[in-house]
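Have a look at the structure first.

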Amino acid sequence: MSTDPQDVAPAPRRSIAVISHPDAGKSTLTEALALHSHAIARAGAVHGKAGRGGVVSDWQEIEQKRGISISSAALQLRYGDTVINLLDTPGHADFSEDTYRVLTAVDCAVMLLDAAKGLEPQTLKLFEVCRTRGVPVLTFVNKWDRPGKDALELCDELEQRIGLVAAPVTWPVGESGNLRGLLDPRTGAVTTYHRAPGGATLAQEEHLAPDEAVDVLGADATDAIDQAGLLPAPDVESFLAGRTTPLLFGVALTNIGVRELLDAVLRFAPAPGPRTTADGSDRAVDDPFSAVVFKVQAGMDRQHRDQVAFVRVVSGVFERGMPVVHAQTGRSFATKHAATVFGRDREIVETAYPGDVVGLVNATALAVGDTLYDPEGPATRFPPMPSFPPEHFVTARAADPGRSKQFRKGIAQLAHEGVVQLLISADRGDGEPILGAVGPLQFEVVTFRMEHEFGAPVRTQSLSYGLARLATDEDVAALAGARGVELVTRTDGTRLALMRDRWVLQALRRDRPTLTLPELLVSAA
Ligand code: GDP
């Protein structure tokens, strides 16, 4: 051993995720970020999404069809002397609980908006998770090369709909569809861009001093200065408190505004910090190694049949091969097979620091939310992963009644891993459980794994429910004999009332005024 990594100060870190609605440009922005930070030479190497969608017959096929979003967990970028961990939030048709869970593993989110569309439904859902978890949010308005909303109108939308005050880091010179440059409201300087063809290389920049900018760009420049002046300057404190969002504009497709976004990540996103443990104490980043599992990907590849548990390092230094204790079982294991996952290629990880993501291959005992720690240091355990309100429901049965034992075992295992939520209805019993999910892809995973991994093919049937509410003891009593609502018990003991939609809920409440049926919050339960 030459140097002990513990003695070498690691590069500063930032761990972030991009939250957006499909088509806002997340893949394009990811490529642009990678390009600016020189992690890859040309855009296009990160995401290959040709032919997404279609019939699913094999996990690898799902993966191919949907691009890398299923297998990738994090991209590590070096920008200046800072390492940026960009965690992937699968966010297309494959929206699932995974998407939410990733947000428990980052310190900051970049909310990506399409200039023409503003806040869209999936962005709002993800934003709510950030807010509940106290994850601060930067905002990047993309596609300013296309006609869209007015910049101030977008700021109003942020304030009115989600209570975030926009604090511009950059401001567009020229309305959407006519981007002439980006203003730095702090200095009055403007950067103009000469696009490189195809967007595969960096746009050439020219910097105009404030006087020059007004000379060259005329009223567009003075308008931009006036508009940006109506809004507060960004500051770290109000950003961390969730009151303001540093706001940037750009064109991911031609890499405009992306360097400014990276600078803003360095300036505003907090470095990895201490994490509260289950007993309420803090695990500091310089405490001995500990990590939390935020994603498990298992049994997806028929040839390799492996399982990768992705952990975020919370404290200390991870060194490949070191023994770690799995807090949930008390067992210790060696971490020979540690990898980062970059696209489809795994690279062996030797050392990782707080904020980094490590994929542990074949650590089959690990489930989402589990804790690992260094046996040399004090034991620790982080609170369990929050559960999210399911919106899709199916019943599941063993296709072959002779395999009902395997069926029960498999379903219980998948629920334990957090692939779906397992809901038992008194009417149906545990031979026909209800599975709840945030996105329907979760059911595809169940079907695939039940057949290939547990040898118990399942038949699922969708239910017409789309809304789950918490059922208190009083609610359970008041709902006796009610139609259009089904009471179920989740594995964590929570009782839920399932119904079709808000209208059913309204009707129930009208007929039974004592009902509370509170919202299922994103809880740490
Ligand atoms: P994702 O679904 O959020 O990952 O979105 P993609 O990155 O796949 O982008 C969706 C579409 O928007 C693609 O056709 C992109 O080429 C296009 N797009 C992304 N960013 C921009 C942009 O800044 N300007 C324009 N005009 N198109 C963009």
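Around the ligand sit 16 residues, the closest being Gly-25, Lys-26, Ser-27, Thr-28 and Leu-253; a residue counts here if its C-beta atom, placed from the backbone, lies within 6 Å of the molecule. Keep in mind that this is a predicted model: local features need pLDDT of at least 70, side-chain atom pairs count only at pLDDT 80 or more, and totals for chains, interfaces and linings use all residues. Numbering starts from 1 along each chain as its sequence is written.

Helix H1 (residues 26–36) gives the most to that shell, with 3 residues. Helices here are DSSP runs of H or I with at least four residues, and strands are E runs of at least two, numbered from the N terminus.

| Class | Residues in the shell |
|---|---|
| Nonpolar (Ala, Val, Leu, Ile, Met, Phe, Trp, Tyr, Cys, Pro) | 5 |
| Polar (the others, Gly among them) | 6 |
| Charged (Asp, Glu, Lys, Arg) | 5 |

Now for a sheet. It's open, has 4 strands in the order E7-E8-E9-E10, and pairs antiparallel (two strands pair if DSSP finds at least two bridges between them). Strands E7 (171–173) and E10 (204–208) stand at the edges with a single partner strand each, so one side of each is left without a neighbour in the sheet. Strand E9 (residues 190–194) and E10 are joined by 5 bridges, and Thr-191 has His-207 in E10 as its bridge partner.
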